[in-house]
Amino acid sequence: MDLLEQIHQRIIERSQEVEGWIEKHSRRVRVPLYTSVDLRASSYKIAPVDTNVFPAGFNNLCPVFRERTAALFKDYFHRNYPYVQNILIVPELLTRNLYYWENIFVLKTILESVGFKVEIGLVSDEMRDDVIKFRTAGGKELRCYKIRRKEDQVFISHFVPDLLLINNDFSLKCPEILKNIRQPVDPPVEIGWHSRRKNIHFEFYNNLAVELAKILEIDPWIITVETVLERDIDFDSEQDRNRLADKVDLMIDMLENEYKRRKVEQKPFVFVKSNSGTYGMAVISVSSGEEIRKLNAEGRKRMRVTKSGKPVRDVVIQEGIPTSIKDTNNVVGEPVVYLVEAKVAGGFLRLNREKTEFDNLNTRGMEFVCISFGREGACERKECEGFFPAAYQVVSRVASIAAGYEIEKVIKEGACRD
């Protein structure tokens with residue numbers, strides 16, 4: 001029995017205790033409206049490597065999972081905002097990314113399918129006209145309207161929203177126009193990447209994973225991921241690269257000792273990534289500090305900035321988990337799980353035929369295929385890859401709850417306040 005099967009069996013056997021524990025934490029903290037979690041699963045470990053609280057990629061969900069997502073959204077909004085009928089989606093301003101706009105189109109149709117009226121509003125100081133049209137990857141046209149504000153209420157030209165649904169991580173700053181308005185904003189703009197920090201997220205995740213491991217009676221090491229922070233790194237500075245390289249070697253040595261102790265036949269490696277960023281930017285995989293010391297000009301440039309040109313200063317060094325997942329053509333992949341309020345809505349496999357099991361797969365060349373909840377397939381698309389094991393679902397739910405604790409900490413510390 002492999003690792004995923006073992007964890008799957010433990011979760012089934014202890015399902016009541018696991019659900020009770022998840023419910024306890026979900027009552028204790030406000031879990032994000034929606035999240036997507038990138039997982040890595042190997043023969044000896046499964047853990048999240050990224051948790052996005054403003055997830056894109058809804059266009060990659062199959063029809064079955066879109067219906068499930070719609071039902072979960074309907075339940076969430078009816079419980080938390082029973083008066084809401086008009087929803088304004090606030091997206092990124094990614095004018096050239098046709099697939100991102102396909103994501104927004106699908107998100108809009110998901111919400112409309114359960115009775116909400118939905119429009120799209122842009123936060124933009126440069127936008128001169130009231131409306132901009134964007135083309136999606138599927139050839140559809142989306143009309144997006146400039147958000148305006150009067151006193152403590154925002155609106156677009158023909159539509160006053162009851163609620164703003166944010167699909168923009170506001171990497172550089174918290175938008176003034178959305179501060180202190182009467183309409184609810186979900187998820188809160190205070191927790192964009194201008195405020196979030198990956199080391200904080202993984203600290204919460206690892207603490208929760210240890211609690212879960214006790215319930216499942218498994219070694220916590222199997223579902224945790226070692227993550228350490230290194231501050232004030234300038235990749236163009238030889239001194240800073242040497243300092244970072246020394247820390248990389250320390251983690252590699254520690255992982256080597258753990259592998260020997262646990263009889264894991266694997267050469268350790270780590271990911272070095274920006275402590276605040278998304279879309280797979282500013283991420284490199286290395287197996288020694290020497291690779292950091294000898295990082296060429298192109299590599300340094302890649303690590304210098306993240307999304308929206310935000311400079312990279314703080315990085316995390318994170319234990320690398322090689323993916324053991326491959327499709328029928330031997331292409332490496334990793335699961336991406338979508339959740340609404342820590343309930344699994346669906347997911348897919350991110351494949352990348354240009355990468356190996358040790359690489360960051362969230363980069364150029366990636367493809368997406370459906371996965372299903374049941375071994376027989378829950379989707380009418382016949383290309384569903386494998387099944388959606390309980391380990392994927394529960395580990396992702398833990399990551400989503402961890403994001404809730406992280407958000408609580410960010411807001412308590414006064415992020416986004418002048």
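**Note on the predicted model: rings, cores and sheets**

1. Tyr44 is buried, at a relative accessible area of 10%.

2. The cut-off for stacking is an angle under 30 degrees. Tyr44 belongs to the loop between strand E1 (34-41) and strand E2 (46-52), while Trp221 belongs to the loop between helix H5 (198-216) and strand E11 (227-230); the pair therefore ties together parts that lie 177 residues apart in sequence.

3. A tilted aromatic pair is formed by Phe77 and Tyr81, with 6.3 Å from centre to centre and 40° between the planes. Phe77 and Tyr81 are both buried. They also belong to one aromatic cluster, whose other members are Tyr34, Phe58, Phe73, Tyr76, Phe116, Tyr338, Phe348 and Phe368.

4. Helix H3 covers residues 63-80, 18 residues in all. From its first C-alpha to its last it reaches 26 Å, close to the 26 Å expected at 1.5 Å a residue. Its buried residues are Phe65, Thr69, Ala70, Leu72, Phe73, Tyr76 and Phe77. In an α-helix, with 3.6 residues a turn, residues three or four places apart point the same way. Among the buried residues of H3, Phe73, Tyr76 and Phe77 are also in the aromatic cluster.

5. Which residues have the most contacts inside the largest nonpolar core? They are Phe73, Phe77 and Ile223, in a core of 82 residues. Helix H9 (residues 390-412) gives the most to this core, contributing ten residues. A second, separate core has 21 residues, including Val53, Val154, Phe170 and Ile191.

6. Ile223 deserves a separate entry. Leaving aside residues up to four places away in sequence, Ile223 touches Ile7, Ile46, Ala47, Tyr205, Ala209, Leu212, Ala213, Ile218 and Val395.

7. Strand E12 (residues 270-274) is mostly covered, since five of its five residues are buried. E12 runs antiparallel to strand E13 (residues 283-286), to which four bridges join it. E12 also pairs with strand E14 (residues 315-319), again in the antiparallel sense, over five bridges. Lys273 stands opposite Val283 in E13 and opposite Val316 in E14.

8. Six strands make up an open sheet with mixed pairing, in the order E5-E6-E4-E3-E9-E10. Its edges are strand E5 (131-135) and strand E10 (185-186), each of which pairs on one side only. Inside the sheet order, strand E3 (residues 86-91) and strand E4 (residues 117-122) run parallel and are joined by four bridges. Leu88 stands opposite Glu119 in E4. Strands of a sheet pair through backbone hydrogen bonds, either parallel or antiparallel.

Technical notes: Residues numbered from 1 in each chain as written. Predicted model: local features only at pLDDT ≥ 70, side-chain atom pairs only at ≥ 80, totals over all residues. Heavy atoms only, no water. Helix = DSSP H or I, 4+ residues; strand = E, 2+ residues; numbered from the N terminus. Expected span 1.5 Å × (residues − 1). Buried < 20%, exposed > 50% of the residue type's maximum accessible area, 1.4 Å probe, protein only. Core = buried A, V, L, I, M, F, W, Y, C linked by side-chain atoms within 4.5 Å. Contact = heavy atoms within 4.5 Å. Phe/Tyr/Trp six-rings, centres within 6.5 Å; stacked < 30°, edge-to-face > 60°. Pairing = 2+ DSSP bridges.
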